[in-house]
Amino acid sequence: MEPTLRHRLTTAIVANPLFVLLLVMIVAVAAVTGGTLLNWVNLRGILLDGAIVAIVAIPGAMLIIAGYIDLSVGSTLALGGIVAGSIMAGGHGSPLIAVLAAIGVGIGVGLVNAIASPLFGLSAFITTLGTLTAVRGVAQLVNPLGANNFGASFGLLGVGTLLAVPIAVWIAGAGLIIGALFLVFTPAGRHVYAIGVNSRAAHLSGVNVKRMPFILYLVSGAAAGLAGAITVARLNSAPAGQLGLGFELTVLTAILLGGVALTGGEGSMFGVLVGVLFLGILNNSLIQLGVTSFWQNVASGVALVAAIAIGAVTHRLRLRLQAREAERIARATPVTST
Amino acid sequence: MTVTITGLTKRYGATLALDGVDLEITSGSVHALLGHNGAGKSTLIGCLGGGTVPSAGDIEIDGVRVGSLTPRTSIDHGIAVIYQHLSLVEGLTVADNLFLGQELTKGRVMLDRGEQNRVALRSLERVGAACRPHDLVGELSIGQRQLVEIAKALQRDARLLILDEPSAALSPVEAANLATLVESLAAQGIAILYVTHLLEEVMRLADDVTVLRGGRVVWTAHEHEFTKAELVSAISDGHAGEHPAPAPIDEHADAVLSVRDLRGPGLGPIDLDVRPGEIVALYGLVGSSRTRLLEMLFGARPHDSGKVLVDGRPARLASPASALASRIALVPGDRAAQGLFGTLSAMDNLVIRAMQTLSRGGVRRPRREARVFARTASDISLRPATASLAAARFSGGNQQKLLFGRWVNPVSDVRVLLLDDPTQGVDVGARAEIYDVIRAFAADHGAAVVFATNEPEEVVALAHRAVVMRKGRAIEEFDVRTRSEEQLLALIHSENAAA
């Protein structure tokens, strides 16, 4: 016997409370600001900001679903950006090589994380906290002065559009779709959840519990490197000290806002999309409403805690819904036991 | 103190875990609670300890109705439950544990360690513990920890002490000391509810006895008015002889599973042959290494030497994944920790392995998976047969069926099925269904089944052959048809006495 439609609908809404909140917020801000929020130029800015976060949040969320975490992405982004920027300095290098190099160094950082954490079993939190600090230093060593003026063709990566949509947004969109398909339609994607819920049970079910986290760390590094290249292309400059500072927390906030459980085993690409958009629109709305950047930080922080609170409440609600549904089905099913 | 339970009932969905249980425990006496796994003992303890809210019935303490208890009010009423899984903080000292939440202080701020240690020493002496107040609990043996937990309960003025299979993890010497302690506590006027599998303990300690089966009280005795024979028949009554005769097997067929001289830490040498369709019981108490043997055969635990053949081909036991590739599968005993993905759906739990077999080019085929789920759910009588329901929401028996379904389904190629304590925490109705599934799997596929248990009833109900395990060795092997359940019970208990 299958759950009723009503049960499914309530479950879906309860699972993504932010989605509802997001829609309410858009309407409210649009009404107050007379539609500036929905102005295409403004929207494009939000999407481009969000895309950079999303590109890194896709593998990041998968790692958290699998019970791991990657805190090093802020520094990896900086390293990737500075490597790409150094290659392009003065507009002489090849944009393709610059992007590939950024992705390559990202994979290098990912490899260190992958070997230390899933392979050797060190704490993911501590390992990536360590690489966060160390890689920041490496980025500054690579090019202490930073670089700028990368030329028009490399700049396209940051500001270029395809059918009026920024290139990074296309990349993020494709990533989200591929990520969602991977999680839902491949055994390996399902294993990510199984490992996050109960790694021991997954091991005893014949699942290789190290392979997927290992690969995801590499992808996470590559994504952060790519995000670094996009960021410096957009800025047309690569300041070694400030690039991507605090970026890992922005990504983490978006992931958690999207309903991915920090305890693992729970979350979706749709949630990541909602989380990224929510954070982007929240910040942008505050700007539209004339709120200073200090208050924006206060607001994002409060939003995160509020979202976790909402998440906890809806989680309990969902359990209750499930229990009620289970009872309904049990009552409707003929019983032979006892 | 007198605790009187009347008509206590607990319903889980469609299952009655407790069905109108009456029980009286009085100061200064030891009341033994017996019954098979799933008889309702744990639920009853849960109701007294406040962790479980009864659906109906009364609990009275000294004639006063207390309604349903919470863990807090249970402690306030002087009830202390010593669970098998002790609830001590391992990183703290014995004294810290004894005073946790009720610390003695100087001037309300500073911890008075001196006074705490003095009081702790007296408490430890009272229970005959050898450890000292400043020892770390994490470094103590299980027996010492248990004594610390009892001391903690007494220090909090417990008047009803509930012991849940306290001797299961103890050495014979520790168990004997515990028995002496229980006697002396009863003599001091403490009421004791003693849950056990071991009849020797009942004979020695119990004043009153209650036997549960299927959530009901099926037998009671008072003031030592019982014999061991009566106990054996009360526990095993009703089910002996109800089981279908085991399906005939071809004695001359080549073995599906051959284990040759298998040795590992604390185990072996083990030799074992299981023929097509045969079900073999590894029968032994906790600590006999029956689980260890199963885990070694599944590659979940390293072995030192020996050979394992499946259908004559050497099996690789480097990891569970390689054992599965050699067509050996294990359903672990600790469902929650080792088997189930609690928050994932029943479908995910069941097809976690099959989805790889079914997938093409790394892409799942949801419709085929759904067909496998539907077919398997019907074969194993899964209730409810709802693919999307989270595994944690199913009853113990149906969770166990999900784990079977993971290995026994239309796309599985498992030839050797290992089961650790297959009906732990499973009610009687589901238990019979699980037996049916296991029998059908062995008979229809000509597969080999090896299960570990400490319940003679389960051996008689399910196995063709039993191997008695003790301390990592197979000490005896016999055809189950030649022994009755009573004889098996006697066997395991005389063994325990001899150990």
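What share of the contacts in chain B with a separation of 6 or more comes from residues 24 or more positions apart? In this predicted model, the figure comes out at 69%. Chain B is built from 18 helices and 22 strands, and 51% of its 499 residues are buried. Along the principal axes, the C-alpha atoms of chain B take up a box of roughly 70 × 50 × 45 Å. As for overall size, a compact globule of 499 residues would have a radius of gyration near 23 Å, so the 24 Å found for chain B agrees with that expectation.

Over in chain A, helix H3 is worth a look. H3(A) covers residues 40-65 and bends by about 35° at Ala57(A), with a proline, Pro59(A), following within four residues. Just past the end of H3(A), Gly67(A) adopts a positive phi of about 90°.

H3(A) also has a packing partner. Two packed helices are described by the angle between their axes and the distance between the axes. For H3(A) and H11(A), the latter spanning residues 211-235, the angle is about 170° and the axes lie 9 Å apart. Angles over 145 degrees count as roughly antiparallel, and the two helices are therefore roughly antiparallel to each other. On the H3(A) side, the contact includes Ile52(A), Ile55(A), Val56(A), Pro59(A) and Leu63(A); from H11(A), residues including Leu216(A), Tyr217(A), Ala223(A), Ala227(A) and Ile230(A) take part. Sorted by class, the contact of H3(A) with H11(A) holds 16 nonpolar and three polar residues, with no charged ones.

Notes. Residues numbered from 1 in each chain as written. Chains lettered and ligands numbered in written order. Predicted model: local features only at pLDDT ≥ 70, side-chain atom pairs only at ≥ 80, totals over all residues. Bend = angle between axes of the 7 residues up to and from the residue. Axes fitted to C-alpha atoms, helices over the stretch in contact; angles between N-to-C directions. Parallel < 35°, antiparallel > 145°, perpendicular 65-115°, else oblique. Contact = placed C-beta atoms within 7 Å. Nonpolar A, V, L, I, M, F, W, Y, C, P; charged D, E, K, R; others polar. Rg over C-alpha atoms; globule rule 2.2 N^0.38 Å. Buried ≥ 20, exposed ≤ 12 C-beta atoms within 10 Å, placed from the backbone.
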